[in-house]
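Please view the sequence and structure below before reading on.

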Amino acid sequence: MRVFVFRKGFSMTHSPVEIEVIALLEKLPLPQQYSVLAFVRALATPQGTPGHQLLAFAGVIDAEDSAMMSQVIEQDCERINHDEW
């Protein structure tokens, strides 16, 4: 759902999340607003390797090795050793 908001001489359509973020942002001092802006920019910046660049590696690991890796991951990962920490 989007609502129509009139603000500071212009109008825009904002989602409820955007409205709340703007309302909270306006309560922050300017230095913290810049921190929020930097954080949002970091979230909006794509990271990692694009999938099309990884296609070159498709099929490089044979089925036997892949099955072995899956088995080891299932056996040893996602288990918590409470004595380890």
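The model is predicted: local features need pLDDT of at least 70, side-chain atom pairs count only at pLDDT 80 or more, and totals for chains, interfaces and linings use all residues. Residues are numbered from 1 along each chain as its sequence is written, and side-chain values use heavy atoms, with hydrogens and water left out.

**Fold and confidence**
- Four helices and two strands make up the pattern β-β-α-α-α-α along the sequence; helices (H or I, at least four residues) and strands (E, at least two) are DSSP runs numbered from the N terminus.
- The mean pLDDT (the predictor's confidence in each residue, from 0 to 100) is 84, and 84% of the residues score at least 70.
- Confidence is highest in helix H2 (residues 30-44), at a mean of 95, and lowest in strand E1 (residues 3-7), at 54.

**Surface**
- Of the 85 residues, 4% count as buried, meaning under 20% relative accessible area, with exposed over 50% and partly exposed in between (1.4 Å probe, protein chains only).
- The protein exposes about 8,100 Å², of which carbon and sulfur atoms supply 62%.
- Ile73 lies in helix H4 (residues 63-76) and counts as partly exposed because its relative accessibility is 48%.

**Thr45**
- Thr45 sits in the loop between H2 and helix H3 (51-54).
- With a relative accessible area of 44%, Thr45 is partly exposed.
- The Thr45 side chain reaches the backbone oxygen of Arg41 at 2.7 Å.

Terms used. Accessible areas come from the Shrake-Rupley method with a 1.4 Å probe; for residues, only the protein chains shown count as cover. A polar contact is a pair of N or O atoms within 3.5 Å; within protein, one must be able to donate a hydrogen and the other to accept it, and residues adjacent in sequence count only if both atoms are side-chain atoms.
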